[in-house]
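I opened this entry to record what I looked up in the model, one topic at a time.

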Amino acid sequence: MSQIVAEQLHQDQAEEHVAGRSPWALAGRRLLRDRLALAALVLFLLIVLVSFAAPLYADHIAHTDPFVNNLNGTTVINGKRVPILQQGGGVLKLGETPIGPTWHGNYLLGADNQGRDVMSRVLYGGRSSLLVGIGSAVIACLVATIVGLLAGFFGGITDGILSRTMDLIWAFPVFLLAISVGTVLLTAPNGLALGPIHIQAQSLWLPTLIIGGVYVPYVARPIRGAVLSIREKEFIEAATALGASNWRLMFREILPNVISTVIVLLPLMIATTILTESALSYLSIGVQPPNASWGTVIDDGQQLLYTRPIVAIAPGVMIVLTVLALNVLGDGVRDALDPRAKLRIGK
Amino acid sequence: MAAVLFAITLLVFGIFFLTPGVDPARQLAGRNPNPQTLVLIRHQFGLDRPLPVRYLLLMKKLFITRDLTSYSNQGAKVMPEIVSATPVTLSLVFGAAVIWVVVSIAMGLAAAVLKGTVFDPLLMIIALIGISMPVFWLGEMMNLITQNRLHSTLLFSWVPPLGYTPLTSDPWMWFKQLVIPWLTLSVLYIGFYARVLRANILETENEDYVRTAHAKGISDRRVLLRHQLRTSMVTFVSLFGLDFAALVGGGALLTEVVFGLPGVGLLTYQSLHSLDLPVIMATVVYGAFFIVFANTLVDIAYAWLDPRVRPT
Amino acid sequence: MRTRSLLTTTALIIAMTATACGGGSSANSSGGSTSSAGGRGGTLTLLANSNWGPADPAKNYTLQEWQLLIITYDGLVQFRSAGGSAGTQLLPDLATAIPQPTNGGKTYTFTLRPGIKYSDGTPLKASDFVTVMTRQFTVPGPANGFYSGILGASACLKNAATCDLSKGVVTDDAAGTVTFNLTAPDPEFLYKLSLPFALAVPGNTSLKDLGNNPPPGTGPYMWKSYDPQHEAILVRNPFFKVWNAATQPDGMVDEIDYKFGLTVEAEVTQVENGQADWVFDPPPSDRLNELSTQYASQVHVNPLTAEFYFALNVNIPPFNNLKARQAINFAADRNAYVKIYGGPSLAVPTCQVLPPNFPGYKPYCPYTTNPGDGAWHGPDLAKAKQLVAESGTKGAKVSVVGTTDEVGKAIAEQMVNDLNAIGYNASAKLLAGGIQYGYIQNSDNNVQVGYSQWYQDYPAASDFLNVLFGCPGFHPHSDASPNISGFCDKTIQAEMNAALTQGETDPTGANQAWAKIDQQVADLAPMVQLFNPKLIDFVSKRVKGYAWSPQWYMLLSHLSVK
């Protein structure tokens, strides 16, 4: 799932790091000239905007609460009142089939098994998916930067312990972590209290923290590599000779030089975490009801795959668009920060 | 490596016993037991002993006597379950790997050769779309098309119902049932490997040996295949090692779930859902073994190939 | 006297089921009818997504394996192997007759039929039943409480290693007699002897759990293999000769292959294509329409004596308040739950504990608009809100503990909606089914509302009322407490005990008492009853002889494929 990050990792390993104090303005201008990346950025922002407007859509266009079952309800389509769930046909009349896409404001994409408006749920789902995706990517990058700095700078035992911990997380299945922590929180009466953060089982923080934690090693490794090579550079030697403290070296001299690595990785990480979140939610161990995410809507749609495929198709298309936009954007950011890479990954 | 495996077993064990409200004796006892029966079972399975002893007992049963039994599926031995799930996962991953290696090399080469034309960015966008698709969703869409919407057409009428038939009992059925899962699983890797390969080939363009080869008058095609592709395959192969191991170790879980393939991933998934510690422990150790083993191998290979990344 | 009274019980059941069946079943519900029989031979292929766990008859407590155990093993008594209401009738099987209990209802003496052999050729002996009963406690069996009334059994429950039932199960191999001595009269003891736990296995069978290797049995089929990952195979028992076709008829097919591991979607497809003959799992909801329109002749729908319900914890707020419990009962939109389960042809709303067609059942539903006729018509939200206001529990936080499966998830969310609609602040907690059932039973977990289901063990009212809402079923601080509500009402318990005693001599009167108890429990509302489900059997085109018994469901030995 983190292929694209691994790809980046490989390139960072292969490449001698000469970030230098590259003028950010120059990079920004290069990014703006990259039309494909720009289009991707616009698409991503559009998806964010639409997702965060979900309550407006639900209240003013669909006139429905996408978190309340509506099994016995009816809706008016073309002046005709129709039930949202229709009893099966034949002699036996088995089963109930939800209404399909109406292409009207109400039930634009039809209803799910529980009679809820699919379009509203996809929009609300986008909100959760984006929150969890962006949140966990930011957490992963933050923690990884600190871990990478410490491990790469101090080396020795610090590096040994941190690197082995990273190996451990790497080999540990994310699904196990999500299920067991989720079950602990569900069965513990008051959730989990981490200092000021109080996490309930239904909280979005849970998948955010789990996914964020799992991806720390993926980001920490290239950062550690970058720190290792920068540490040997002349300007660090010069600063050391001038009597700069370790902390000063780490945060004033080295950090600005690895930050470009982090920035290149961030959009790719968000893409990866969104995919992971959707997988966990699809296995019903990510975002918990009544919250919805794109993954949970796909899960709901699986039950209706043959009769109402739109329920599974719509959130999937949203995921593909979002992740594709982020991947294209990631390529663009890398090209902008490191023009030589442009030669390598084609445009 | 052994240390990481040891730490993983400790972690799995720890997580399980941090889970309150889940009494293994209750799982072992079945549907509607007496409270006295619970006490009896707790004693019978050593669940009333101190945690370190229970950990050691579990490890002994897992590694030495190999007679670990499942909690939720009372009486079922764990080892045979894993042994019978492994060929399924291997069949899935091996077939997908063949597809993704062949197709991604073709795509990567084509993009590199066609650089400067419209086909290069087109191929790379297709690769990027492949990388951007959630594999479980792609699998569902494949099912929708091949099992339902277009199943009655000539194109997909050969697709059998979801499931797995062992290679030994009916090779043709084995093949037919796995084709769609293979394609689904390989899409992501095709995109990824095609991109990596193309980048690596183009990177070698300015290398001295390539220039020398060109200068010697060797044909472009020969230089590409004999020199550039060969060098570029170093990264390709080491990445392949990692991915293959991760998939065999349970990384193909989503594909197995979507297509109902009773492999290690599906076994892990089911045991996780019933919090069946012995099976979880066994599958996690199995998966971690592959991943840690492959990581170590690739690290060694890397250090051997490229002295710059040797740990300082 | 007692034999006659027992016959009256079964007669009553027959009468009740017969009347109910006439109205309830749809066109293809085979209810009592048995479709035309075919010829002998061939292989019957059955499909299930997952296996049934342990294969040891003393250990397994799933209907899935029971359907096979009753054709591979025999009990002293057994239900008639017949479709429809006749299937609830208890008949002598290995025994020559159903005995009349002596010693004040505490002693049952059976005489074995001579000449019956196990599938390995060993002759059946009276002393085999000592092994059968001892195994309940040494394996141990999941429901050995059924047999804890045998003299000496309570000591076995405490310490299985020293289990000695020599006083409780007295046998004479020469005379072929088996005598059970009980500590107290138990009018349901014969039912308990018919359950697969108590079916005969050879006397030298290990007292330990046999795992996946079921011992030899006396039925028309024997276990060839059971591989929980792939399949179970049953073949004809070479030593089987029909001794009582009413309880154990010879099987029609030569072999039964039970395959595991396909997705339910694929299973349904295979049966549609004729590659397999039957699906154990309920068909996925998106295939139901297809089944009822294109494959209606292969679908059999039968009502189950089972219920889906939410247990309300009567010992903690807010549902320690009677009005709060009644309020949610008025508010629960049972039509919505029925639709989640697959619509009105697959489930029937209910307000009471006992299911239709069951001893002691009298239609009763106080929690509806227009009450009076015993049926549920619609939620009464005004009444519910008024009760919430009166109870003073408005705004209380309520956590609904449900399961993660498709139906369970939707049902829990519907309950959250219903609770929120009358002013509670509800949320759902979803746990995997295997974990949730133990979790909601333990009073330490303070579960306020727990989603659960109950399927009959045998046709007796106490199997619902006394187990689910009786004081003996409530074990605080334990995961083994089937009375999830923690409901223990001294008056009602006294009435239940009286009804149990009355059942020994006067089953008809006892069932009237149970009907009254059923209403009293419904009035005190320690639960929200949702619906009684129906079961879909989807068989292949070639299957003939389909018969459905309320006790064992589809009868496998009746099916033919030729």
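**Chain B against chain C**

I began with the contacts between chains B and C: 32 residues of chain B are in contact with 36 residues of chain C. Contact here means that the C-beta atoms of two residues, placed from the backbone, lie within 7 Å. On the side of chain B that touches chain C, the elements giving two or more residues are α2 (24-29), α3 (35-44) and α5 (78-113) of chain B. Helices (H or I, at least four residues) and strands (E, at least two) are DSSP runs, numbered from the N terminus. I noted α3(B) as the source of the largest share of that side, six residues. By class, the side of chain B that touches chain C divides into twelve nonpolar, 16 polar and four charged residues. Ala, Val, Leu, Ile, Met, Phe, Trp, Tyr, Cys and Pro count as nonpolar, Asp, Glu, Lys and Arg as charged, and the others, Gly among them, as polar.

**Basis and confidence**

This is a predicted model, in which local features need pLDDT of at least 70 and side-chain atom pairs count only at pLDDT 80 or more, while totals for chains, interfaces and linings use all residues. Residues are numbered from 1 along each chain as its sequence is written, and chains are lettered from A and ligands numbered from 1 in the order in which they are written. For the complex, the predictor gives an ipTM of 0.88 and a pTM of 0.87. I found that chain C averages a pLDDT (the predictor's confidence in each residue, from 0 to 100) of 89, with 93% of the residues scoring at least 70. Within chain C, confidence is lowest in helix α1 (residues 2-24), at a mean of 32, and highest in helix α8 (residues 322-331), at 97. The pLDDT is below 50 over residues 1-33 of chain C, and this stretch has 70 contacts in the model beyond near neighbours in sequence.

**Chain B against chain A**

I then turned to chain A, where 46 residues are in contact with 53 residues of chain B. On the side of chain B that touches chain A, α8(B) gives the most, with eight residues. That side divides into 37 nonpolar, ten polar and six charged residues.

I also checked α10(B), which bends by about 40 degrees at L229(B). The bend at a residue is the angle between axes fitted to the seven residues ending there and the seven starting there.

**Sheets of chain C**

I traced an open sheet of three strands in the order β4-β6-β5 (chain C), with antiparallel pairing. Two strands pair if DSSP finds at least two bridges between them. The edge strands are β4 (107-111) and β5 (169-172) of chain C, each pairing on one side only. β4(C) pairs with β6 (residues 177-181) of chain C over five bridges, and Y108(C) stands opposite F180(C) in β6(C).

β8 (residues 231-236) and β9 (residues 255-260) of chain C pair in the antiparallel sense over five bridges, with K259(C) in β9(C) as the bridge partner of E231(C).
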